[in-house]
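This report goes through selected local features of one protein chain model. It takes a helix and its packing first, then a pocket, then strands and single residues.

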Amino acid sequence: MTAPKLPAVSSDFIRADDVLGGKLSASRVYELEERHGQGKLMRLLEVVGVGGPFRVVTPWELDDPQGRRVINASGYAALPFGDNPPELNAFLRRVLEDPSQIMFAQQSASTWRAALEANLVRLLARESGDHHDSKVFFSNSGTEAVEAGIKFAQAARPKGKYLINFTRAYHGKTLGSLAVTPNPNLQGPFKNILNPAVITLPFGDAAALERAVKRVGSTQIIAVILEPILGEAGVRIPPPGFLKRVGEVCSRAGVLVIADEIQTGLGRSGHWFQSVADDLIPDILTLAKPLGGGMVPVGATIVRHEIYKTLLGSIETVKRHSNTFGGNTMAMAVGLKSLELLMDGDYPARSRRLGERGLARLQAIQKRTPDLLEDVRGAGTLFGMNFRPLAALPFKFQADLISEATGIMALLAFYRSGVLLNFSLNAARTMRLTPAMNMPEELFDDMFDRVERTAAAYPSSFKLVQRYGAPELMKLLKAAFLE
């Protein structure tokens, strides 16, 4: 049998200076991305026309290849100061220009790591009145921070068999984090190798948690893991008192609590730590997105000392968890400076103030266009717009396709009006706005002016389809669901 002939692959290697000098055209970038990277995603972004490659004009505005300027509200809560912020950029240059800096300090003490560890613990202790002697483990991402949190909890509760999570949660896509992310589509073919036994309860139902702890027995539970606000579920805010009662139930039963503050933490929700603001003092707290300032990946797991030492407390156990690049100098320096900027600017207070204004705007827009917007939600500068489906279909798989199409059409409509939104992984019809927390107020207001104008132009979800045009719509649907 003759092997199929594969298309020729160019042997010409791309030089770094070619990229820095802007020698790769947008079409060439898409060609390479589709061929060698996430082809399906790149194809969809290309057809929709929202995928760049972009050029930064200001930290809060981007230009696309067609010359369209858009306000960037799509940072997934990872751009606290916008894209390529000048203050952080200049600081990083100073660090890199110092030839005496050891950049890889895994097997040695690190001044940068020591400083960031101390500041994170002091900040959490200041806000919570607790955690004064806690410890920090650094990694490269949010999902790694969650993985570390799960391992710390299991080490502290060796007899525990179950993790308790909540519906529509999102904790990451590595295997431990995915196990507590109850999304069948994301878990998909990996279900058989997701190790922890997980009990999923309704988000916001503290009574269900209390019943589960009694039914299973507290000694059988490793930990309860939760997001104080469900980000990827479309900014779902729990009922008042839920987090406080979770803390009370777990404290009474001796069950550990892991608060996933990767999206809400460090000011985005209007507080330094949303769990603490809602009277839940977690045993383990995870951070990531804003800590890297949009420049480098940084994950952090803050752990009570008595829990930390069960995993990494002796020469015998210290090898049980490590991270090659976690705590590297560049990440720690940027993390330290990012935290400093957030504190000096009191960004939680600014985020809270702007968030109240932005949510009021969204609520007014939703009232005027209820056939477009089913609901709007917000906490600080974390906003969600839930769109009505393009059509009502009886079967679940059809409804899922319609939800996906609704989200894509909404993303496109707002992009064409000059606002780049976020998808939500656990809520296809919900688009999020996560603007930089330092966005100038006039630009922040302009962003909501554009949202208002877009909603007025598309007063119903069906208008999204009508304005798009049949040929373009077919091309989009083909790229999304058939190719």
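## Helix H5 and its surroundings

The buried residues of H5 are in contact (heavy atoms within 4.5 Å) with helix H4 (86-96), S4, helix H11 (274-277), strand S9 (284-287), strand S10 (299-303) and helix H13 (329-344). The model is predicted: local features need pLDDT of at least 70, side-chain atom pairs count only at pLDDT 80 or more, and totals for chains, interfaces and linings use all residues. Residues are numbered from 1 along each chain as its sequence is written, and side-chain values use heavy atoms, with hydrogens and water left out. Helices (H or I, at least four residues) and strands (E, at least two) are DSSP runs, numbered from the N terminus.

The residues of H5 that count as buried are Trp112, Arg113, Leu116, Leu120, Val121, Leu123, Leu124, Ala125 and Ser128. Buried means under 20% relative accessible area, exposed means over 50%, and partly exposed lies in between, with a 1.4 Å probe and protein chains only. An α-helix has 3.6 residues a turn, so residues three or four places apart point the same way.

The 18 residues of H5 should span 26 Å at 1.5 Å a residue, and the end C-alpha atoms are 26 Å apart, which agrees. The expected span is 1.5 Å times one less than the number of residues.

Rolling a probe the size of a water molecule over the atoms shows where empty space is left. A pocket here is an open set of points on a 1 Å grid over the protein atoms alone, where a 1.4 Å probe fits, with protein on both sides within 12 Å along at least five of seven lines; lining residues have an atom within 4 Å of a point. Grid points are joined across faces, edges and corners, and a volume is the space filled by probe spheres set on the points.

The volume of the second largest pocket is about 400 Å³. Its lining has 17 residues, of which Gln106, Arg113, Phe137, Ser322 and Gly326 are the closest to the centre. At least two lining residues each come from helix H5 (111-128), strand S4 (135-139) and helix H12 (305-312). S4 gives the largest share, 3 residues.

By class, the lining holds 6 nonpolar, 8 polar and 3 charged residues. Ala, Val, Leu, Ile, Met, Phe, Trp, Tyr, Cys and Pro count as nonpolar, Asp, Glu, Lys and Arg as charged, and the others, Gly among them, as polar.

## Strand pairing

Two strands pair if DSSP finds at least two bridges between them. An open sheet of 4 strands has the order S1-S2-S3-S13, with mixed pairing. Strand S1 (55-58) and strand S13 (419-420) are its edge strands, each pairing on one side only. Asp63 stands opposite Arg69 in S3.

Elsewhere, S7 pairs with both S5 and S8.

| Strand pair | Sense | Bridges |
|---|---|---|
| S2 (61-63) and S3 (69-72) | antiparallel | 3 bridges |
| S5 (162-166) and S7 | parallel | 3 bridges |
| S7 and S8 (256-260) | parallel | 4 bridges |

## Single residues

The peptide bond from Gly52 to Pro53 is cis, with omega near 5 degrees. Pro53 lies in the loop between helix H3 (39-48) and S1.

His131 is not a glycine, yet has a positive phi of about 70 degrees. This residue sits in the loop between H5 and S4. Is His131 buried or exposed? His131 is buried, at a relative accessible area of 2%. Asp279, also a residue other than glycine, has a positive phi near 70 degrees, and is placed in the loop between H11 and S9.

Met409 belongs to helix H15 (residues 396-416) and is buried, with a relative accessible area of 3%. Met409 and Val465 are 56 residues apart in sequence, with 7.3 Å between their C-alpha atoms.

Pro202 lies in the loop between strand S6 (197-201) and helix H9 (206-216). At 38% relative accessibility, Pro202 is partly exposed. Leaving out residues up to four places away in sequence, Pro202 touches Phe166, Thr167 and Ala208. Asn165 is 37 residues from Pro202 along the chain, and their C-alpha atoms are separated by 8.7 Å.
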